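Let's take a friendly walk through a protein model.

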Amino acid sequence: RNFQTLSRCPVGLIQTALGGSPLSRWMPEDGDLYKNMADKLAMTKGKSAGVLWYQGCSDTDPDNAPSYYERFRKMVEALRDTLGYSIPFFTFQLNRQVDGLHDECWGIVREAQRKAAQTIPDVYVLPTINCPISDGIHNSAHANVMLGEKLAKLCAHVLCGQEAFFAPALSGITLEEPRVLKLTFENMRLGFVLYSSAGDNSGFTLTDGDGEILVESLHSPRQAGNTLYLYLSREPKPDALLSFCSGANPTMIPPVDEVTYLPPLAFDRIPVFGKDK
C-alpha cells in the first residue's frame with residue numbers, strides 16, 4: 001500500500017472464482033465456494049489486499065434477487081470474521097443479458113450492488129453497462145480488458161493512494177419545473193458526455209401511479225458538469241419512482257463521465273420526492 005507508482009505495485013491473484021455460480025454457493029453456512037475461498041486465503045498465511053467480485057447474473061430471478069443485498073452483506077461480514085481483518089471488496093454491477101427474463105430482477109440486483117458500496121465499509125463498485133458482450137450475456141474479451149483496467153485504477157486509488165477513480169453516483173433529484181427533473185451526481189471529474197439526447201436511449205425510466213412517464217430528452221449543462229436534466233412527457237405524481245439502467249438489457253449508450261468514461265451507477269426505483277438516494 002506504500003508504493004508510489006502503479007508500475008511498482010506487484011499483483012498476485014488467488015483464483016477461487018467459478019463462472020455462473022449463484023450467491024448461495026458463496027454463503028458461509030454451507031457454501032462450497034465460500035469454504036474454498038476462505039481455505040485458499042488462509043493458505044497464504046498473510047493479509048490479502050482485497051477481493052475482486054463480479055457475480056450476480058445467476059441471482060436475477062424472483063426467488064433470489066430480493067434478498068441479494070442481505071446475503072451479500074452476510075457473506076462479506078463472515079469472510080472478514082473468518083480472516084480476522086476487514087478485507088476490501090472491489091465489485092462490479094451487472095452488465096446485461098439480451099432477451100433476458102425478469103427485467104425487474106436485474107434492476108434489483110444492480111441496486112443491491114450499489115447499496116452495498118454505499119452502506120458496507122470498504123466495499124467499492126464500478127459499472128459495466130457500457131461494455132460489449134460476446135453473446136447473449138458474457139462480456140467480450142475486449143470488455144474484460146476494459147474492466148480489468150478500470151478495476152486496477154480503483155484498486156490503485158484505494159490501496160496505493162493513486163488518483164481517485166469512481167463512477168458518477170446519484171446524489172439528488174429535484175423537480176425543477178412541472179416537467180423537468182434535475183439530477184445531481186457525486187464523483188464527477190468534469191461533466192457528462194451525451195452520445196444521444198433522446199430520452200428513449202437515455203436509460204432513465206420514470207413511473208408513478210398513472211403508469212410510465214416518458215423521458216423525452218436530456219441535457220447536461222457545461223457550467224454544471226455534475227447535473228443532468230430530464231425533460232418529461234408529463235408532470236410526475238408524488239409516488240413517482242426513477243430508475244437508471246434497471247432492465248436486463250438497458251441502453252447501450254448511457255451518459256458517461258467526460259474524463260473516466262464511466263457511466264453513472266445503475267439505480268432502481270428511487271423516490272423522486274423522497275430522500276432515499
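Asp 32 has 40% relative accessibility, so it counts as partly exposed (buried means under 20% relative accessible area, exposed over 50%, partly exposed in between, with a 1.4 Å probe and protein chains only). Its salt-bridge partner is Arg 25, with the closest N and O atoms 2.5 Å apart; a salt bridge is a side-chain nitrogen of Lys or Arg within 4 Å of a carboxyl oxygen of Asp or Glu. Arg 25, at 30%, is also partly exposed.

This is a predicted model, where local features need pLDDT of at least 70 and side-chain atom pairs count only at pLDDT 80 or more, while totals for chains, interfaces and linings use all residues. Residues are numbered from 1 along each chain as its sequence is written, and side-chain values use heavy atoms, leaving out hydrogens and water.

The structure holds 13 salt bridges. Where do Arg 71 and Asp 59 sit in the chain? Arg 71 is in helix 2, and Asp 59 is in the loop between strand 1 (51-53) and helix 2. Their side chains meet at 3.0 Å, N to O. Arg 71 counts as buried because its relative accessibility is 15%, and Asp 59 is buried at 0%.

Glu 258 pairs with Arg 222 at 2.7 Å. Glu 258 is partly exposed at 26%, whereas Arg 222 is exposed at 59%.

Technical notes: Helix = DSSP H or I, 4+ residues; strand = E, 2+ residues; numbered from the N terminus.
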